[in-house]
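Subject: Structure handover

Hi,

Here is the structure I said I would pass on.

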Amino acid sequence: MSQLSTSLTTPIYHIPGVREVHAQKLEILGVRNVGQLLAHLPHRHEWLRAQAGIADLQAGVISSAEGEITATKVSGFGRKARFQAVLHDGDGRLDLVFFNQAFLQKKLRVGMRLRVQGKATKFGPGLQMANPQYTVLDDDTTPGGVEDDAYRPVYPATEGLSSERIWEIVKSVLEPAISQLEDHLSDEFRKERALPSLGETYRMMHAPEHEDEVKAARRRLAYDELLMLQLGVHMKRAHLRRTLTAPALERTPEIDERIRGRMPFTLTAAQQRVVDEISRDVALTTPTNRLVQGDVGSGKTAVALDAMLLAIAHGHQAALMAPTELLAEQHFLSITEMLKGSSVRVELLTGSMPATDRESALRRIASGEVDLVIGTHALISDRVEFHSLALVVIDEQHRFGVEQRAKLRVKGGKEHESETPHVIVMTATPIPRTIGLTIFGDLDISTIDQLPPGRKPVTTKMVTREQRRTVYSWVQDKIKQGDQAFIVVPAIEPGTKGETKVTDLRSLQKELEGGELHDVKIAALHGRLKRDTREHIMHRFRGGKIDALIATTVIEVGVDVPNATMIIIEDADRFGLAQLHQLRGRVGRGEKPGVCVLIGNPKTEDGVARLNAMVETSSGFVLAERDLEIRGAGDVFGTRQSGAPPFRVADPMRDLELLQMARRDAADWIARSPELLEPTDALVRRRMLKAHGQWLGLGDVG
Ligand code: ADP
Ligand code: MG
């Protein structure tokens, strides 16, 4: 087969000169045809200098040089054995070291001429190359190494298939392959944005002539990734807006007054602003999709309740979803309390309810006997049918994936397929703006940037494990004065490492009861307890019948017991920053100032950084930024935004400008061609759907 007939779909096995073993290795790397080979991008490039005299070699640069071996030796034994040689070219000396290759002693001898290639590093007063590639020069060897300076791509390789071999294969098909690449962006569009064509891009990525070419190619690839995602998100949004409607929930003066009358306090200015933003949204039939972010204790529940009462006032249903059963139960208690004496019927729906209770609750929800449903994830399970669901609040969004939100979209009133509820998502973990734009490109954002009045500050202290006893003696003293405490132990995620958490809680309880907290009423609370037991314990703690609660992170979000002033966190370095901040938010909610004690002897740098950040600031927004610095954006993407595909080239933090450009371009594009069905959009549409169609649920769009 000649190169002329090489196409993007040509199997690797058919590329002339590619050995079968190498083709097999490429398959392991996910490369089966020429197109995929082009897409197998170098992860970096090495600067390859033309052959230099030894005296001109520079540290840190990959270079080649020639000289005569003037000395050799083997040192070390067995697996540590290494072969060393000295190379001279008349002007300079280069030390060579070959680890683990004592056998070279037999091959490379004093007096031989050698050409080596590798990265020179500083070694004493001179330079050294470790494990260089080498050629023994004899009279037959063609002279000269690399003749010109060049960039060499370094590919993700695998055992038995080196980066150089991949480079050779890529080189053999590069020209015919890139000449067949179709660009999904028009010349004009690219010119306006100074973006190279796709063909040029892949040429510059695989065979750059200059460092700037790698940059230009990277920019185009990153832009494409961001554009595709933004097109997907905007197309989805446009589709929903066009095909789905939500009930218009107008806020009349009468309704406004009734809702205000239900609130036991006046809203803060920030809460009022967000309530206004939501009211404006939900007054329209366009489904609302709004993110409300507000630090721990900023009063998000009141804002949620306000919106839900607005839906109920219009004769519809509302639902509040919490990440844990404990939080759902707590919302149920506090909201029932606030709505005492009103005609609003509230129902709690959780996964652990007895089947018969659940069945009857589901019946009441479907018939419309229930106005307000509070629950956990169970609420989005397929079996819950609402009579007329107009508004959904998802509390503490950081626990929910994008996919779950998509699922939620489908449920609405049962009469009309096209009816969907307004959705409000609440989080205390502020989403850094760049990430918000990328993944939640379809969300509007409101921020509650103020705490309710009279909030007492929380002091945070960091102590070592050796100081635990002093801490608990102090806890006992404070409890004698009428305070209450949370004691938190790192939980092992259910389903991962087993049963340790319950026993850990028990043994800590025993230890404390037999020691510093001997006069204190202690109870243990964890996720495996039955709901009744858990409610009973929380009820007694709230009522002051229990002084100290030893708990796993089930108390992390939302637990509201104003008389609890102390939170002691054991092995605090094992918690994430967002979690620690959430936990700290459990205290300082009442009349008295709160104290948070972090016990731990952090073993990692990150652990120390997290605890220091906690001591230094009480702002969730500052902590979120710190968290991002400590963990890096990739991790935030990987763990939190499940369902969204990661980027290969783009880095939304670094490529902020590109991201904004892609966002604008995508918005304009979708405004012009809402489903990308213009003939000129065929290619971009196909590529976008391939990348994002599935997770965005866009399959049904066309
Ligand atoms: P979060 O934003 O963490 O969910 P909550 O909604 O649980 O915060 O509110 C924290 C506490 O603040 C609750 O006890 C709540 O009753 C109280 N609260 C909320 N808004 C106000 C307000 N405007 N004035 C006084 N107290 C408020
Ligand atoms: Mg809350």
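Before the ligand, one cut-off: a residue is near a molecule if one of its heavy atoms lies within 4 Å of it. Keep in mind too that this is a predicted model, so everything below is computed from predicted atoms.

**The ligand site**

With that cut-off, there are 16 residues around ligand 1, and Gly297, Lys300, Thr301, Arg455 and Asp560 come nearest. Sorted by class, this shell has 7 polar, 5 charged and 4 nonpolar residues. I picked out a few polar contacts. Gln271 puts a polar side-chain atom 2.8 Å from a nitrogen atom of ligand 1. The backbone takes part as well: a polar backbone atom of Gly297 is 2.6 Å from an oxygen atom of the ligand, and for a polar backbone atom of Ser298 the distance to a ligand oxygen is 3.4 Å. On its own, ligand 1 has 560 Å² of accessible area, and the protein covers 83% of that.

**Salt bridges**

How many salt bridges does the structure hold? The count is 35. As background, side chains of opposite charge can pair when their charged atoms come close.

Take Asp449 and Arg273, whose closest N and O atoms are 3.8 Å apart. This pair links distant parts of the chain, 176 residues apart: Arg273 belongs to helix α9 (residues 269–282), while Asp449 sits in the loop between β15 (444–448) and β16 (458–463). Are these two buried or exposed? Asp449 has 55% relative accessibility, and because the cut-off for exposed is over 50%, it counts as exposed. Arg273, at 35%, counts as partly exposed.

Another salt bridge joins Glu347 to Arg364, with 2.9 Å between the closest N and O atoms. Glu347 is in strand β11 (residues 346–349) and Arg364 in helix α12 (residues 355–367), so this bridge ties together parts that are 17 residues apart in sequence. Here Glu347 counts as buried, at 12% relative accessibility, whereas Arg364 is partly exposed at 28%.

Glu337 and Lys340 also meet through their side chains, at 3.5 Å from N to O. Lys340 has a relative accessibility of 57%, so it counts as exposed.

There is a network to look at too: salt bridges link Arg465, Arg468, Glu511, Glu570, Asp571 and Arg574.

**Strand β13 and its partners**

Strand β13 (residues 389–394) is mostly covered, with 6 of its 6 residues buried. It pairs in the parallel sense with strand β10 (residues 317–321) over 5 bridges, and Leu391 in β13 is the bridge partner of Ala318. Strand β14 (residues 422–427) also runs parallel to β13, and 4 bridges join the two. In that pairing, Ile394 has Val425 in β14 as its bridge partner.

**His692**

What does its side chain meet? A polar atom of the His692 side chain lies 3.4 Å from the backbone nitrogen of Leu229.

Cheers

Technical notes:
Residues are numbered from 1 along each chain as its sequence is written. Chains are lettered from A and ligands numbered from 1 in the order in which they are written. This is a predicted model: local features need pLDDT of at least 70, side-chain atom pairs count only at pLDDT 80 or more; totals for chains, interfaces and linings use all residues. Side-chain values use heavy atoms; hydrogens and water are left out. A polar contact is a pair of N or O atoms within 3.5 Å; within protein, one must be able to donate a hydrogen and the other to accept it, and residues adjacent in sequence count only if both atoms are side-chain atoms. Accessible areas come from the Shrake-Rupley method with a 1.4 Å probe; for residues, only the protein chains shown count as cover. Ala, Val, Leu, Ile, Met, Phe, Trp, Tyr, Cys and Pro count as nonpolar, Asp, Glu, Lys and Arg as charged, and the others, Gly among them, as polar. A salt bridge is a side-chain nitrogen of Lys or Arg within 4 Å of a carboxyl oxygen of Asp or Glu. Buried means under 20% relative accessible area, exposed over 50%, partly exposed in between (1.4 Å probe, protein chains only). Two strands pair if DSSP finds at least two bridges between them.
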